[in-house]
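This report is written for a reader new to the structure below. It takes up a pair of charged residues and then a pocket.

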Amino acid sequence: MKQPTILSYVKDLPNLLSLSGLACTVLAIYFSITGLYAAAMIGMVWAVGFDWADGLVARKLKGRTPTDAKFGGQLDVLIDIVSYGVTPAILLMSYGKFAPIFLIGAFIMIAAAAIRLSYFSTYGLAGGTKYTGLALDNNSLILVSVFLLNGVVSHDIFIIILYASGVTLAVLNVSEIKTPKLSGNPRNVYLLVAYTLVITAIYGVQLI
């Protein structure tokens, strides 16, 4: 059988959703660097939404081959490292005015994401139902809430909170704690939709 072309996989709906999430991530990175943090938060939370959506759609679509599933899984992992490792790290460095001390936290966050994804790719879900370590999508979901403190507390205090939150999440990502697969529960999908809309509304008002 003839090997499919690289771009033929772009037509696959779950992959299109994954790439839509990547587009949100690129916007989040851009707005983090330019200092428009409210827009960055919206991009980060929508990236999670598309990440969950691609898996839900992939499981419901009929006619997808094992190769389609494998390609989609690889694409998902590569996008995850950008969305949940690189993006929060850039957010931290940008808010810290790219001072050298923030390179340490950024490296810890990206390294933890890379190690966790490599571990998951090797061993999968613990017992077939739970993650080992905090799943990476939680990083963005938590950080967009933490960032609500920006402007509420002083800049000096908030930067400590943001730094500590990023590093703490990284430690939890590579810990041995067992966490449930949230995206597999329909109720959690509705909760994510509600959370995404609320976060979008809050930060959208800040942009007006």
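Arg64 has a relative accessible area of 22% and is partly exposed. The model described here is predicted. Asp12, at 16% relative accessibility, counts as buried. The two residues fall into separate classes because buried means under 20% relative accessible area.

Side chains of opposite charge can pair when their charged atoms come close. Arg64 and Asp12 form a salt bridge, and their closest N and O atoms are 2.5 Å apart. The pair joins distant parts of the chain, 52 residues apart. Arg64 sits in the loop between helix 2 and helix 3, while Asp12 belongs to the segment before helix 1. The count of salt bridges in the model comes to one.

| Residue | Relative accessible area | Class |
|---|---|---|
| Arg64 | 22% | partly exposed |
| Asp12 | 16% | buried |

The second topic is the largest pocket. Its space is about 790 Å³. The largest pocket is lined by 34 residues, and those closest to its centre are Asp51, Asp76, Asp80, Phe120 and Tyr131.

Which helices each supply at least two residues of the lining of the largest pocket? They are helix 1 (13–34), helix 2 (37–60), helix 3 (66–95), helix 4 (101–123) and helix 5 (137–146). Helix 3 gives the largest share of this lining, with nine residues. By residue type, the lining of the largest pocket consists of 15 nonpolar, nine polar and 10 charged residues.

Note on methods. Residues numbered from 1 in each chain as written. Predicted model: local features only at pLDDT ≥ 70, side-chain atom pairs only at ≥ 80, totals over all residues. Heavy atoms only, no water. 1 Å grid on protein atoms, 1.4 Å probe; cavity = no way out; pocket = protein on both sides within 12 Å on 5 of 7 lines; lining within 4 Å. Points joined across faces, edges and corners; volume = space filled by probe spheres on them. Helix = DSSP H or I, 4+ residues; strand = E, 2+ residues; numbered from the N terminus. Nonpolar A, V, L, I, M, F, W, Y, C, P; charged D, E, K, R; others polar. Salt bridge = Lys/Arg side-chain N within 4 Å of Asp/Glu carboxyl O. Buried < 20%, exposed > 50% of the residue type's maximum accessible area, 1.4 Å probe, protein only.
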